[in-house]
Structure formats: C-alpha cells, structure tokens
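Here is a short briefing to read alongside the structure. Have the view open and follow along.

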Amino acid sequence: MAKKRPQTKAGKQQLKDGEIPVVGAREPCPCGSGRRYKACHGRAAAQAVTELVHRPFEGLAGECDWVALRELVPAATVELTLKGGLPEGVPSVTLATVLPMAWPALRRDDGSVLLALQNDTSSGDLSRDLADTLQRALEVEPGTPVTARRVPADGPRLQDLLDPEGAFEPVVHTGFEFWVPDAENATPEVSASLERANAAAIPTVLLSGVDAAYWCETPEKNHLRWVMPHPEEQLLDALARLHAAGTSSLGENTRLVGSFRAHGLVVPVWDLPTSMGAEACEKPAVAFAERLAAALASDAPLTAEERRARGGLTNRQVTLS
C-alpha cells in the first residue's frame, strides 16, 4: 500500500486572504495550509457564490423591466450606459434577452458588445454573474463570444458598472434578427439557432401607458403580465381589496388569475380573450393603475371577504426565482 503523502507545513510566505487565487476544489489551497482548497479558503468562497440574492437588480434603473426581460420576454434589447462612458473601441453595449448558441455575451466585429440576460448562471447573485460576463466582453477581441465561467465571489456587480442615471428603455422585437446585422452572411450554426428561436418566440408587446406591463399572445388566450415594484405584502393586500370589490379585472372577459414572484418582485397576471390585443389593454391598464394606487394608500384592516380574496391570490402565486 502506498504511503500517505504527508501534509506540507506552511514553510513559505503566507498569502493574505484577499490574495488567495481560486483553484480546483480538490487541489491544495494556495495559502499553504496543506488542506484542500474546498476545506480551506474555498469554503467561504463557495458559500459566498451560492448565497442567493433575492433582488439582484435592486438599485438599477428599470428594475421591473430587468425582471421582465429575464423571465417573461422572449426577444428584446436595451442600450446600456456604463459608468464613466464606453471604453475605447466599444461603440455600444446592448443587453439582449438571449444570444445565438446560448452565448453569455458576444463582442461583434465592430467592437460593440451584446450581453445575454436569460442564460444560466453559476452563483446565487445574478447581478455579479452578468457583471463578470460584461467585463470580459469589453476586453475580448472583436468577433469573439464570451463563454461561461465560475465567477469570483468578490467581483463587481452590475450596480458597480452601470450608470444609475442612465435610461433603461426596452425594445421588444418580433424575432431575433437583431443577433446578426447581416443575416444572409451568418454561419449555418447561427442561422439554425435563429430559425429555432424565432419559431419558439411568443408574440409580446410592452404597453406604453404604464411601466413594465407586457401583453403576450398564446394559442388559447392572451395574457398581461405586469411586474410591479411595490413591497409584496402591501401589493397583495391592495390586489385583494380590488379583487373583493370586483374591480381587479381589465374589462369584460378578463380576469386577474394570480401572480409570479420573480427576483424579489411580484408579477400579477391577467387572462385576456384572444380578441383583446395589446392596444386594447392600454386604457384599462392605466385605469387599473389608478385603482391600485388608491388601494395601496389604504391602511385599513382587510375585511373577511378581502382576506379570502388574498388567500386565493396567494394560493395561485408561483415563484420563478
């Protein structure tokens, strides 16, 4: 039987905590302790990486739209504004819902950057994952996609990189042609990915009269999905007041059916008839926003009927993230 290799004593200069590089979980820790990385400095790093940040987009302009583009909208783009302006050689940075071949990011031949929002991430902080991808995309050579990697636990977040005063104005597309400026000259792989993505995209429209409300069309019925910034308990109380009063709908044959919980925000959902398009939702949505504002301002205890309505809404709530 082979002898156990004795653990190496720390005979070399010790590194400071902030200088410990990330290595494989089973490799010796670079600090010189003789223990494996996962049992030494990797333990704290792993905990920091897996700790879930419930509102990763909090503090960013357009938090509700960030959530919608992450979870609800198939094809959309937003021009991003960086703190300190764009680096030399980067004409623009654009957030996209998804990119071809599921790339986390792409730096185009002209130097512009596309950052994908709906990719799987390696840590519990979506903001940190996206910031790491964005930083790498700004530095790679033009014409290069960015691949996924494990993100350092102490890396920057989007809140550190984006201008908090910059506008966040989503543009919803009918398909994914924004992927390539010249679709005719795209590679076969990208063309095939584009065709598949376009076939699966659900028609979606951003309402103009209220914030972060997205109409979508499905074969059996249409829906309105509205990401709201209000604290969850306060919002559910307000929705319950309206529901009990019979004023929670958006008009004839429409119904508030429940809500999603996504990235720390609540997303009420209405069923709509197939005959009700996005334009027909505009006035009812504005009117509902006024009723909701009044319900949010009330601090009266819920009545028995309102409590029953709240329980029904809560039972139909689904957590996406």
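Which strands does helix α3 lie across? In this predicted model, helix α3 (residues 126-139) lies across β2 (93-96), β3 (105-107), β4 (113-116) and β5. The angle between helix α3 and β4 is about 160°.

**The chain overall**
- The protein chain holds eight helices and 12 strands.
- Of its 321 residues, 44% count as buried.
- The accessible surface of the protein chain is about 17,300 Å², and carbon and sulfur atoms account for 51% of that surface.
- Taking contacts between residues at least 6 apart in sequence, 60% join residues at least 24 apart.

**The sheet**
- Six strands make up an open sheet with mixed pairing, ordered β5-β3-β4-β2-β1-β6.
- The edges are taken by β5 (144-146) and β6 (171-172); each has a single partner strand, so one side of each has no neighbour in the sheet.

**A closer look at Gln 159**
- Gln 159 belongs to helix α4 (residues 158-161).
- With a relative accessible area of 18%, Gln 159 falls under the 20% cut-off and therefore counts as buried.
- The Gln 159 side chain reaches the backbone oxygen of Pro 56 at 2.9 Å.
- Setting aside neighbours within four places in sequence, Gln 159 contacts Pro 56, Phe 57, Glu 58, Leu 60, Lys 83 and Ser 127.

Methods. Residues are numbered from 1 along each chain as its sequence is written. This is a predicted model: local features need pLDDT of at least 70, side-chain atom pairs count only at pLDDT 80 or more; totals for chains, interfaces and linings use all residues. Side-chain values use heavy atoms; hydrogens and water are left out. Two strands pair if DSSP finds at least two bridges between them. Helices (H or I, at least four residues) and strands (E, at least two) are DSSP runs, numbered from the N terminus. Contact means heavy atoms within 4.5 Å. Axes are lines fitted to C-alpha atoms, for helices over the stretch in contact, and angles run from 0 to 180 degrees between N-to-C directions. Buried means under 20% relative accessible area, exposed over 50%, partly exposed in between (1.4 Å probe, protein chains only). Accessible areas come from the Shrake-Rupley method with a 1.4 Å probe; for residues, only the protein chains shown count as cover. A polar contact is a pair of N or O atoms within 3.5 Å; within protein, one must be able to donate a hydrogen and the other to accept it, and residues adjacent in sequence count only if both atoms are side-chain atoms.
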